[in-house]
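This report is written for a reader who is meeting the structure for the first time. Please look over the sequence and the model before reading on.

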Amino acid sequence: MLMHDASRPAVAFLQAQPWFAALPAADRVRVADGIQVLKAGRGEVLLRAGEPVGGWYAVLSGLVKIQSQNADGRLAAFLGVPGGEWLGGGSVMKDEPRRYDVIALRPTELLCLPRAEFEHLRRTSLPFNHALADHLNLRLAQAMAIIEAGRIRSPEQRVALALSRMFWHGQRSLALSQEELAVLAGLARQTVNGILKGFERQGLVTLEFGRVGIRDEAGLTALLDG
């Protein structure tokens, strides 16, 4: 469901963005007044493939997966985006329908910066362009890591990658279920369960209900580099 919403969480999120703080006061008011919020429950589609791209999106709360479907109808989730992260920067810069579904893995809220405002900021704000470039660079690095993981990484390395700072900036105690982690790693839940128990025995992580804590960052990084 799409709702016009300038409520405190959305505005607070904008105020935390360095590019937003650099805007003139009148522009900050206009941007804050124009943002929208999309809400969805677990398993619901927030943004559907084939539909027009309405803007640049950020996860205010929750967790989403970006999913594609091939010609045979098989689904593949290839990226998870947690709260606090932007998504779809490349899509909004193209004049084509959305190529991927964005699906909530838990109750989720997305902020939408409408396309017209996005394009205005691209034309007028250097700090905004710097933020967009950083976003696209991050997504490129993640995409390359995912491609590598799917081709040459072991299941243990794929789980370690899904827990790494490449996807969870600054968060080292992750409110992430094993089912969600399995989706993000592209593995069966049973496989992820066994790997996490092995990581726990090695002292790499701690496991609580619905939460994975990173206990040995260097150990996980060494596993990825091995």
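Is E180 buried or exposed? The relative accessible area of E180 is 9%, so E180 is buried. The model discussed here is a predicted one.

**Overview**

The protein chain has 226 residues, and 42% of them count as buried. Its secondary structure consists of 10 helices and 12 strands. Among contacts in the protein chain with a separation of 6 or more, 70% are between residues 24 or more positions apart.

**Salt bridges**

Side chains of opposite charge can pair when their charged atoms come close. In this structure there are 6 salt bridges.

| Salt bridge | N to O distance |
|---|---|
| E180 and R106 | 2.6 Å |
| E117 and R30 | 2.7 Å |
| R42 and E179 | 2.8 Å |

E180 and R106 meet through their side chains in a salt bridge. This pair links distant parts of the chain, with E180 in helix α8 and R106 in the loop between β8 (101–104) and β9 (108–114), 74 residues apart. While E180 is buried, R106 is partly exposed, at a relative accessible area of 22%.

E117 and R30 also form a salt bridge. Here too the pair links distant parts of the chain: E117 belongs to helix α5 and R30 to helix α3 (residues 25–34), and they are 87 residues apart. E117 has 12% relative accessibility and therefore counts as buried. R30, at 30% relative accessibility, counts as partly exposed. Salt bridges with shared partners connect D27, R30 and E117 in one network.

The salt bridge of R42 and E179 has its closest N and O atoms 2.8 Å apart. R42 is in the loop between β2 (36–40) and β3 (45–47), E179 is in helix α8 (residues 178–185), and the two are 137 residues apart. R42 counts as exposed, with 57% relative accessibility, and E179 counts as partly exposed, with 41%.

**A lysine without a salt bridge**

Which side chain of opposite charge is nearest to K65? The nearest one is E179, 8.1 Å away. K65 is buried and has no salt bridge. K65 is part of strand β5 (residues 63–69). Its side chain does have a polar contact of 3.1 Å with the side chain of Q67.

**Helix α5**

Helix α5 spans residues 115–124, and its buried residues are E117, F118 and L121. Seen down the axis of α5, these buried residues fall within an arc of 105°, so they line one face of the helix. An α-helix has 3.6 residues a turn, so residues three or four places apart point the same way. On the face of α5 turned away from the buried side are the exposed residues A116 and R123.

Which residues of helix α10 (residues 217–225) are buried? They are G219, L220 and L224. The arc they cover around the axis is only 140°, which puts them on the same side of α10. The exposed residues A218 and D225 are carried by the face of α10 that is turned away from the buried side.

What do the buried residues of α10 pack against? They pack against α7 (155–162), α9, β11 (205–208) and β12 (211–214). At the start of α10, a side-chain oxygen of D216 comes to within 3.3 Å of the backbone nitrogen of A218.

Helix α9 covers residues 189–201 and contains K197. With a relative accessibility of 40%, K197 counts as partly exposed. K197 and L207 are 10 residues apart along the chain, and their C-alpha atoms are separated by 8.1 Å.

Key. Residues numbered from 1 in each chain as written. Predicted model: local features only at pLDDT ≥ 70, side-chain atom pairs only at ≥ 80, totals over all residues. Heavy atoms only, no water. Helix = DSSP H or I, 4+ residues; strand = E, 2+ residues; numbered from the N terminus. Buried < 20%, exposed > 50% of the residue type's maximum accessible area, 1.4 Å probe, protein only. Contact = heavy atoms within 4.5 Å. Lys, Arg positive; Asp, Glu negative; His and termini not counted. Salt bridge = Lys/Arg side-chain N within 4 Å of Asp/Glu carboxyl O. Polar contact = N/O pair within 3.5 Å; in protein donor to acceptor, adjacent residues only side chain to side chain. Arc of directions from axis to C-beta.
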